[in-house]
Amino acid sequence: MSTQLPQYSSPERHGQMDALQGVRSASSRPPSSILSDKQATTLKEYNQIPKLDNDTMPSSSAENGKIAPTLERNPVARARAWFMPYAAEFLGVMVFVMFGCGANCQVNLTRNPSTSPGFQAGSWTSLSLGWGAGLAVAVWVSGGHVNPAVTLAMAVFRGFPWRQVPGFWLSQLLGGICGAGIVYGNYLRAIDINEGGTGIRTLSTAGYFGTIPVSYLSNAECFVSELIGTALLVLSLFALLDKSKNNWHSAAVGVQTSFAYNPARDLGPRMFTAMLGYGRQVFTFRSWYWLYAPIIGDFLGGLIGAGLYDIFLYKEKSNVVSKLLQWRDRRRTRALSNGGNQTTESV
């Protein structure tokens, strides 16, 4: 003989259960049936309970170093989540440089009959498509900035964390070095033949990796050309990322300086060629051209392009104009507060 223990419950609990049962039975009633106020309230509260599905279940992925709650106690997952954004920048720039420098080598090295397969493998069009495809694939693979000038512009104008900027720049630079190294190894024999020997390295083939401007352009004109091109590039990127617009702008002003527009794309391959026999000439060429055109010019151009877009086109409250006005208001408030405190102390 089994003994059933009495189950005690408060009257309020009984009322809630009755109401919930009424709601459940109401689901089978005709649409014309009307719920009581208490039943409707209970149904509303029941529908507000979050349901677990594939979209709301905890995920093991990490974005920009943010770790899902289920991985907080896993040191391997934490390290991987922290490392992933930097690895993405490294791989993105490496892929970009491999496509672009590979196109440079293929088009230019096959002009020599000694290294040609019987025809010139490509033209200016295919070379440009190679760089364009490289950039598209790099961004698609990494989902990152793939450009130190873009990283700086995102930090200044879009709140990208400054603590991640040095790591992004280093990853992008190493990606450029590795990408150039892979292409150089692939075309090493052809470069030797075009240079006239294994120990000969000149700027004629160094330009397949780092940028070399045309001879008739002055240093100042090189700087301006890189500045304008990078400004257009970053302005176009900001327009593409702006959810309120669907515009795209193109740049067509870089033929005279070989289209750097990306400090990592130029400096990484340039450093690699300097280590592989080209020597100091890739840096000392035209009074340290690499510093003021592909580096300073690109960084400054990126900031100018982002600033122009923010000032004249960006509608969100996070634009640079709103930030400057907020900064001014904070200074005024602080000044008024300090003035009031001084008056109180004097009284």
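In helix 10, Arg270 and Asp266 are 4 residues apart and hence separated by about one helical turn. The two side chains form a salt bridge (a side-chain nitrogen of Lys or Arg within 4 Å of a carboxyl oxygen of Asp or Glu), with the closest N and O atoms 2.8 Å apart. Both Arg270 and Asp266 are buried, where buried denotes under 20% relative accessible area, exposed over 50%, and partly exposed the range in between (1.4 Å probe, protein chains only). The model is predicted: local features need pLDDT of at least 70 and side-chain atom pairs count only at pLDDT 80 or more, while totals for chains, interfaces and linings use all residues. Residues are numbered from 1 along each chain as its sequence is written, and side-chain values use heavy atoms, with hydrogens and water left out.

By the salt-bridge rule the count comes to 4. Side chains of opposite charge can pair when their charged atoms come close. One of these pairs is Arg158 with Asp310, at 2.8 Å from N to O. Arg158 lies in the loop between helix 5 and helix 6 and Asp310 lies in helix 11, so this pair ties together parts that are 152 residues apart in sequence. Arg158 is partly exposed, with a relative accessible area of 25%, whereas Asp310 is buried, with a value of 1%. A salt bridge also joins the side chains of Arg328 and Asp329, at 3.4 Å from N to O. Arg328 is partly exposed at 36% relative accessibility, and Asp329 is partly exposed at 36%.

The chain contains 12 helices and 0 strands; helices (H or I, at least four residues) and strands (E, at least two) are DSSP runs, numbered from the N terminus. Along the sequence the pattern reads α-α-α-α-α-α-α-α-α-α-α-α. Of the 347 residues of the chain, 38% count as buried.

An unreviewed UniProt entry places the feature "transmembrane region" at residues 86-109, 129-156, 168-187 and 289-309. The UniProt positions are given in the numbering used here, feature names are shortened, and annotations may be inferred rather than shown by experiment. Residues 86-109 are 100% helix and 0% strand, and the end C-alpha atoms of this span lie 33 Å apart. For residues 289-309 the composition is likewise 100% helix and 0% strand, with the end C-alpha atoms 28 Å apart.

The largest nonpolar core has 33 residues; a nonpolar core is a set of buried Ala, Val, Leu, Ile, Met, Phe, Trp, Tyr and Cys residues joined through side-chain atoms within 4.5 Å. The residues with the most contacts inside this core are Cys105, Leu109, Ile191 and Phe209. Two or more residues each come from helix 3 (75-109), helix 4 (124-142), helix 5 (148-157), helix 6 (165-186), helix 7 (188-195), helix 10 (263-278) and helix 11. Helix 3 gives the most to the core, with 7 residues.

With a disulfide taken as a pair of cysteine sulfur atoms within 2.5 Å, the count comes to 0 disulfides. Cys101 is in no disulfide, and the nearest cysteine sulfur, that of Cys105, is 6.7 Å away. Cys101 is buried, with a relative accessible area of 0%, and Cys222 is buried, also with a value of 0%.

In helix 6, Gly167 counts as partly exposed at 24% relative accessibility. The C-alpha atoms of Gly167 and Ala87 are separated by 10.0 Å, although the two residues are 80 residues apart along the chain.

Most residues other than glycine have a negative phi. In helix 11, Arg286 has a positive phi near 50 degrees. Trp288, also found in helix 11, has a positive phi of about 60 degrees. Trp288 counts as partly exposed at 38% relative accessibility.

The elements that give two or more residues to the patch are helix 11 (281-312) and helix 12 (320-346). Helix 11 gives the most, with 5 residues. Ile304 lies in helix 11 and is partly exposed, with a relative accessible area of 34%.
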